[in-house]
Every structure is written in C-alpha cells, then in structure tokens.
Amino acid sequence: MKHLADHRTPSTGARFAQFLRLARNRGEIVWARVWQKPVLLPVTNRRVVEYIRIERGREI
C-alpha cells in the first residue's frame, strides 16, 4: 500500500509549457536590445579628448 503523497496524478506539461513561454518572451527582449543601434554617448571629459588630440598631432 502506498502513502497518500505517492499517488500523484500524471503531469500535463503545463508548468513546462509556461516555463518555455516565459523563456521565449524574455529571450526576445534580450535579442532586441542586442540588435539595437548603439547610441553614441556625449564626450564629457574634454581634457582627455584634448590630450589625445595633441598626442596625435592634430591642431584646431
């Protein structure tokens, strides 16, 4: 004779299907961010830019 906890009903796969649905939705968001055009950040450290310009021999 089995214990009451051992009489489990067979799985319908609903939990696994929901897991896959969530994984797919999150994956689309990640790939959408990867494929986005990169946004150029404004140069905030002007001293470094000027130093590099002088080192390369560029003049105004």
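The following legends describe close-up views of a predicted model of a single protein chain.

**Figure 1. Overall view of the chain, with two helices and zero strands.** The chain has 60 residues, of which 0% count as buried. Its accessible surface amounts to about 6,900 Å², and carbon and sulfur atoms account for 60% of that area. Helix 1 spans residues 14–35, and helix 2 spans residues 46–55.

**Figure 2. The salt bridge between R46 and E50 in helix 2.** The side chains of these two residues, R46 and E50, meet at 2.9 Å, taken from N to O. R46 and E50 are four residues apart, which corresponds to about one turn of the helix. An α-helix has 3.6 residues a turn, so residues three or four places apart point the same way. R46 is exposed, because its relative accessibility of 51% lies over the cut-off of 50%. E50, at 24% relative accessibility, counts as partly exposed.

**Figure 3. The salt bridge between R53 and E50.** Here the N to O distance between the side chains of R53 and E50 is 2.7 Å. R53 and E50 are three residues apart in helix 2, so about one helical turn separates them. With a relative accessible area of 22%, R53 is partly exposed. Side chains of opposite charge can pair when their charged atoms come close.

**Figure 4. The network formed by R46, E50 and R53.** Where salt bridges share partners they form a network, and here R46, E50 and R53 are joined into one. E50 takes part in the salt bridge with R46 and also in the one with R53. The count of salt bridges comes to two.

**Figure 5. Helix 2 and the residue G57 that follows.** Helix 2 is hardly covered, and the count of buried residues among its ten residues is zero. After helix 2 comes G57, which has a positive phi, near 85°.

**Figure 6. A nonpolar surface patch made by V30, W31, V34 and W35.** The patch covers about 510 Å². One of its members, V34, lies in helix 1. V34 has a relative accessibility of 52% and therefore counts as exposed, the cut-off being over 50%.

Conventions:
Residues numbered from 1 in each chain as written. Predicted model: local features only at pLDDT ≥ 70, side-chain atom pairs only at ≥ 80, totals over all residues. Heavy atoms only, no water. Salt bridge = Lys/Arg side-chain N within 4 Å of Asp/Glu carboxyl O. Buried < 20%, exposed > 50% of the residue type's maximum accessible area, 1.4 Å probe, protein only. Patch = residues over 30% accessible without salt bridge, like charges linked within 9 Å, V, L, I, M, F, W, Y side chains within 5 Å. Areas by Shrake-Rupley, 256 points an atom, 1.4 Å probe, with all protein chains shown as cover.
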